[in-house]
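Please read them with the sequence and the 3D view open.

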Amino acid sequence: MRVLLVEDEPRLLRSLAQALREEGYAVDTADAGDDGLYKAENYDYDAIVLDIMLPRLDGWGVLDRLRQRKQTPVLMLTARDATRDRVRGLDTGADDYLVKPFDLSELLARLRALIRRAAGQARSNVEVRDVVIDTRSRVVTRAGHPVALTAREYAILEYLALHRGEVVTRTALYEHLFDESDDTLSNLVDVHVFSIRKKLGAELIATRRGQGYCIES
Ligand code: CA
């Protein structure tokens, strides 16, 4: 999953980006509203964490303009006890909000829920045949036995599972799993899929020639 963080406090931005990367997200960042809007309009993020008080264009402006074109899930960061902000945020099309200062664990939980909801998946467990993916703990089991996946393998499997029934192109996988700071060539999706099939069964992920990959619904 690839997320965009728009936050102008450098320390908070850095620590959030690091925490999200540790959770396996690909993370792009912006420290001003106009920059955030540009990225949000030009990349397909799985979710956006958006601060309200931002230089050049505030969070309201970003959200308002973004919603004219895209429905990317947005989690807004509001000031403490600013009920009016929360109401306005939800009215403007924010999907959820979090009051500063917040616990990192709460941010992570809300982000996971937001991404699941956007994919039409209410529960945190995704079951595909005898494979169960627990998106909360990031543990994958096959026939009840835990299977160790690398961070990349897990990210690919989770993305395909949340979009089951859809053919996901390699380009889409690249865009959703690797962020702007990631320019390594070791990101070959095919190699990771090969490895996932070896661990979880060849029939789990279908290859659609010339199109991409699919987990059947
Ligand atoms: Ca701010």
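1. The lining of the largest pocket divides into eight nonpolar, three polar and four charged residues. Here Ala, Val, Leu, Ile, Met, Phe, Trp, Tyr, Cys and Pro count as nonpolar, Asp, Glu, Lys and Arg as charged, and the others, Gly among them, as polar. The volume of this pocket is about 200 Å³. It is lined by 15 residues, and G24, Y25, A26, R152 and L177 are the closest to its centre. Helices α6 and α7 (170-177) each supply at least two lining residues. The most come from α6, with four.

2. A word on the basis of these notes. This is a predicted model, in which local features need pLDDT of at least 70 and side-chain atom pairs count only at pLDDT 80 or more, while totals for chains, interfaces and linings use all residues. Residues are numbered from 1 along each chain as its sequence is written, and side-chain values use heavy atoms, with hydrogens and water left out. Helices (H or I, at least four residues) and strands (E, at least two) are DSSP runs, numbered from the N terminus.

3. There is one cavity of 30 Å³ or more. About 150 Å³ of space lies in the largest cavity. Its lining has 13 residues, with M1, Y25, R112, R138 and E158 nearest the centre. The elements giving two or more residues to this lining are α5 (104-118) and α6 (151-162). Again α6 gives the most, here four residues. By class, the cavity lining has six nonpolar, two polar and five charged residues.

4. How are the two kinds of space told apart? On a 1 Å grid over the protein atoms alone, a cavity is a set of points where a 1.4 Å probe fits but cannot get out, and a pocket is an open set with protein on both sides within 12 Å along at least five of seven lines; lining residues have an atom within 4 Å of a point. Grid points are joined across faces, edges and corners, and a volume is the space filled by probe spheres set on the points.

5. Is strand β1 (residues 2-6) enclosed or open? Five of its five residues are buried, so β1 is largely enclosed by the rest of the structure. Buried means under 20% relative accessible area, exposed over 50%, and partly exposed in between (1.4 Å probe, protein chains only). R2, L4 and V6 point one way from β1, and V3 and L5 the other way.

6. β1 pairs in the parallel sense with strand β2 (residues 26-30), over five bridges. Two strands pair if DSSP finds at least two bridges between them. V3 has V27 of β2 as its bridge partner. β1 also pairs with strand β3 (residues 47-51), in the parallel sense and over four bridges. There L5 stands opposite V49.

7. β1, helix α1 (residues 10-22) and β2 make a right-handed β-α-β unit. A crossover is right-handed if, with the strands pointing away from the viewer, the path from the first strand over the helix to the second runs clockwise.

8. Which residues hold protein donors of the calcium ion? They are D8 (OD), D51 (OD) and M53 (O), lying 2.1 to 2.3 Å from the ion. Donors are N, O and S atoms within 2.8 Å of the metal (3.2 Å for Na, K and Ca); water is not among the atoms, so sites may look incomplete. Along the chain the spacing is D-x42-D-x1-M. D51 is buried, at 4% relative accessibility. M53 is exposed, at 64%.

9. Some backbone details deserve a look. A cis peptide bond joins K100 and P101, with omega about -10°. P101 lies in the loop between β5 (96-99) and α5. R56 is not a glycine, yet has a positive phi of about 70°. R56 sits in the loop between β3 and α3 and is exposed, at 67% relative accessibility. A143, also not a glycine, has a positive phi of about 50°. A143 belongs to the loop between β8 (139-142) and β9 (145-147).

10. Last, two other loop residues. P73, between α3 (59-67) and β4 (74-78), is buried, with a relative accessible area of 9%. G210, between β10 (206-208) and β11 (212-214), is exposed, at 79%.
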